[in-house]
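These are my notebook entries on a single protein chain.

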Amino acid sequence: MILDNMIFQLIMAYVATICFGIIMNIPHQAFNVAGLIGAGSWGVYLVLSHLGVGIAFGNLVAAFLISVASLYAAKYKKMPMMIFNIPSLVSFVPGGQSYQMVRNFAIGHTQTAWSFCVQVIVIAGALAMGFVLGEMYHRFSTYFRTEVIKKM
């Protein structure tokens with residue numbers, strides 16, 4: 001039962017990534033790769049959440065994977081990295097928490113609204129940090145390949 005739900009979620013993450021890619025008007029040659037990046041990162045997020053890892057760390061790892069996989073996909077497809085980054089990220093955007101935050105502020109439940117506000121900030125910060133770590137990984141690997149291996 002849990003496995004069926006996970007497979008369904010992976011398929012929906014793939015479809016959501018491709019649909020957002022259509023909205024963003026990315027080249028049709030990038031649809032499948034972007035969908036695989038989105039579904040793969042969502043799958044890692046699901047596994048981490050079932051292992052009991054917090055929402056912040058799960059989003060950080062997923063954003064890191066999106067960043068690194070998008071880099072390699074961009075090199076493979078000879079396209080900009082953003083074509084793969086942005087659609088793959090759509091499954092992780094804290095839209096539900098943002099809605100609940102604004103809704104609770106509007107109806108006067110400020111304590112609940114602040115709780116959702118903290119969740120939005122933590123998730124957005126984890127996503128940003130994951131992309132920063134992905135960029136650091138890329139720069140370190142490039143430096144290692146060009147400088148360290150040359151000296152050997």
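**Entry 1. Ser-41.** I looked up Ser-41 in this predicted model and found that the residue is buried, because its relative accessible area is 2%, and the cut-off for buried is under 20%. I then asked in which helix Ser-41 is found. Ser-41 belongs to helix α2, which covers residues 31-50. Leaving aside residues up to four places away in sequence, I listed Ala-62, Ile-66, Ser-88 and Phe-92 as the residues that Ser-41 touches.

**Entry 2. Helix α4.** The buried residues are Ile-83, Phe-84, Asn-85, Pro-87, Ser-88 and Leu-89. I next looked up what these buried residues pack against, and recorded α1 (2-24), α2, α3 (55-77) and α6.

Entry 3. I turned to Ile-23, which is found in helix α1. Is Ile-23 buried or exposed? Ile-23 counts as exposed, because its relative accessibility is 67% and the cut-off for exposed is over 50%. I also looked up its separation from Pro-87, one of the buried residues of α4. Ile-23 and Pro-87 lie 64 residues apart in sequence, and their C-alpha atoms are 9.2 Å apart in space.

**Entry 4. Helices α5 and α6.** I examined how helix α5 (residues 95-107) packs with helix α6 (residues 110-151). The angle between them is about 155°, and their axes are 8 Å apart. The two helices are therefore roughly antiparallel to each other, since angles over 145 degrees count as such. I recorded their crossing as left-handed. On the α5 side, the residues that meet α6 are Gln-97, Ser-98, Gln-100, Met-101, Asn-104 and Phe-105. Among their partners in α6 I noted Trp-114, Phe-116, Cys-117 and Ile-123.

**Entry 5. Cysteines.** Cys-117, one of the α6 residues that meet α5, counts as buried because its relative accessibility is 14%. Cys-19 counts as partly exposed, because its relative accessibility is 40%. How many disulfides does a search of the whole structure find? I recorded 0.

**Entry 6. Annotated regions.** I consulted the UniProt record, an unreviewed entry, which places the feature "transmembrane region" at residues 6-23, 54-74, 81-101 and 113-133. I then compared two of these stretches with the model. Residues 6-23 are 100% helix and 0% strand, with the end C-alpha atoms 25 Å apart. Residues 54-74 are 95% helix and 0% strand, with the end C-alpha atoms 30 Å apart.

**Entry 7. The whole chain.** Last, I looked up the overall figures. The chain has 6 helices and 0 strands, and I wrote its pattern along the sequence as α-α-α-α-α-α. What share of its 152 residues counts as buried? The share is 36%. Of the contacts between residues at least 6 apart in sequence, 66% join residues at least 24 apart. Along the principal axes, the C-alpha atoms fill a box of roughly 65 × 35 × 35 Å.

How values were computed
Residues numbered from 1 in each chain as written. Predicted model: local features only at pLDDT ≥ 70, side-chain atom pairs only at ≥ 80, totals over all residues. Heavy atoms only, no water. UniProt positions renumbered as here; feature names shortened; annotations may be inferred. Helix = DSSP H or I, 4+ residues; strand = E, 2+ residues; numbered from the N terminus. Disulfide = S-S within 2.5 Å. Buried < 20%, exposed > 50% of the residue type's maximum accessible area, 1.4 Å probe, protein only. Axes fitted to C-alpha atoms, helices over the stretch in contact; angles between N-to-C directions. Parallel < 35°, antiparallel > 145°, perpendicular 65-115°, else oblique. Left-handed = near helix turned anticlockwise from the far one by under 90°. Contact = heavy atoms within 4.5 Å.
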